[in-house]
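Subject: Structure handover

Hello,

Here is the structure for your files. My notes on it follow below.

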Amino acid sequence: MLRYAAFGLGSTNYQHFHRVVDADDVNGGTEQDFCLWKDRLFAHLDKEVGIKGHKDTYSRILAETDVNFGRLLELASSQDDGQTWSALRLSLVLEALPKLRPRYYSISSPSVLPLQALGITALVSNQALHGEGGSIPGLTTSYLLAGAHTYHDIKIQPNHLQNVSYELTGPSAELQERKIFAHLRRSAFKLPALASCPVIMLAAGTGIAPSRAFIAERARLESIGRPVGNMMLFFGCRSPKEDCLHQAELEEMETALGGKLRIIAVFSRLTAKKAYI
């Protein structure tokens with residue numbers, strides 16, 4: 001029965017070599033020895049417990065279990081009569097947790113509109129975890145959805161924010177009057193300076209955000225008599241009734257631009273034959 005597997009770099013020719021476990025000395029290069037050790041280890045694991053050392057298998061296991069550090073501790077605790085992790089060092093927890101990072105969204109409103117009105121495109125999924133009844137809500141997007149529901153009375157499905165609540169007023173009530181902590185940064189991803197220049201755009205899912213902004217900007221220029229070039233948008237999503245974002249708005253702008261915009265939608269779940277851009 002396999003108890004542990006170890007791989008050490010170095011050889012007995014090294015002045016400070018220290019043998020921890022019985023092992024063969026280096027016979028080739030470091031990479032060659034590692035590959036040899038890995039092949040032997042995975043062959044043994046496959047024989048003993050049926051685990052194959054393939055990347056797709058590892059990815060599938062992660063996708064089906066949605067494992068992260070917190071869920072791993074929770075799962076282990078539930079298997080041990082709900083015991084708490086009282087002996088777990090705080091330093092280990094802090095080292096294992098990922099650092100907080102800003103959540104970036106592409107602005108989907110045109111630059112010709114006032115900066116007081118900015119739009120973003122985002123999706124909140126309530127899909128249940130594999131084999132479980134719960135879900136993992138998106139941190140920032142669910143927060144924005146809760147704000148939209150509270151401040152603008154936007155209708156949402158009840159299970160989109162199930163068991164999730166947010167203190168929308170923020171620390172020390174600094175976010176009263178419908179405020180949020182946000183930062184705008186400049187981007188080099190812009191339309192050509194010459195509005196009559198033709199543009200081809202490709203987008204999938206919420207990636208349509210900048211394309212929506214570009215189309216809206218040229219539609220605005222067209223409405224005030226400025227010449228604009230032809231545009232073609234290739235957009236991919238699952239199905240027209242599920243996640244075809246801004247469909248009505250895009251069709252309206254396509255009509256307003258009078259043939260200068262052509263939208264080609266590709267759906268990956270509409271028929272048995274999947275299609276992608």
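**The exposed leucine and its patch**

Leu94 sits in helix H4 (residues 90–96). Helices (H or I, at least four residues) and strands (E, at least two) are DSSP runs, numbered from the N terminus. This is a predicted model, in which local features need pLDDT of at least 70, side-chain atom pairs count only at pLDDT 80 or more, and totals for chains, interfaces and linings use all residues. Residues are numbered from 1 along each chain as its sequence is written, and side-chain values use heavy atoms, with hydrogens and water left out.

Leu94 counts as exposed because its relative accessibility is 57%. The classes are buried (under 20% relative accessible area), exposed (over 50%) and partly exposed in between, with a 1.4 Å probe and protein chains only. Leu90, Leu94 and Leu97 make a nonpolar surface patch of about 310 Å². Patch residues have over 30% relative accessible area and no salt bridge; nonpolar side chains (Val, Leu, Ile, Met, Phe, Trp, Tyr) are joined within 5 Å, like charges within 9 Å. A salt bridge puts a side-chain nitrogen of Lys or Arg within 4 Å of a carboxyl oxygen of Asp or Glu.

**Whole chain**

The chain has seven helices and three strands. Their order from the N terminus is α-α-α-α-α-β-α-β-α-β. Of the 277 residues, 22% count as buried. The chain exposes about 21,100 Å², and carbon and sulfur atoms supply 54% of that. Areas come from the Shrake-Rupley method with a 1.4 Å probe; for residues, only the protein chains shown count as cover.

**Helix H6**

H6 covers residues 209–223, and its 15 residues should span 21 Å at 1.5 Å a residue; the end C-alpha atoms are 21 Å apart, which agrees. The expected span is 1.5 Å times one less than the number of residues. H6 is mostly covered, with 12 of its 15 residues buried. Among them are Phe214, Ile215 and Leu221. The buried residues of H6 pack against strands E1 (199–204), E2 (231–237) and E3 (261–267), and against helix H7 (247–256). Just after H6, Gly225 takes a positive phi of about 90°.

**Strands E1 and E2**

E1 and E2 pair in the parallel sense over six bridges. Pairing requires at least two DSSP bridges between two strands. Met201 stands opposite Leu233 in E2. Five of the seven residues of E2 are buried, so E2 is largely enclosed by the rest of the structure.

Best regards

Notes. Contact means heavy atoms within 4.5 Å.
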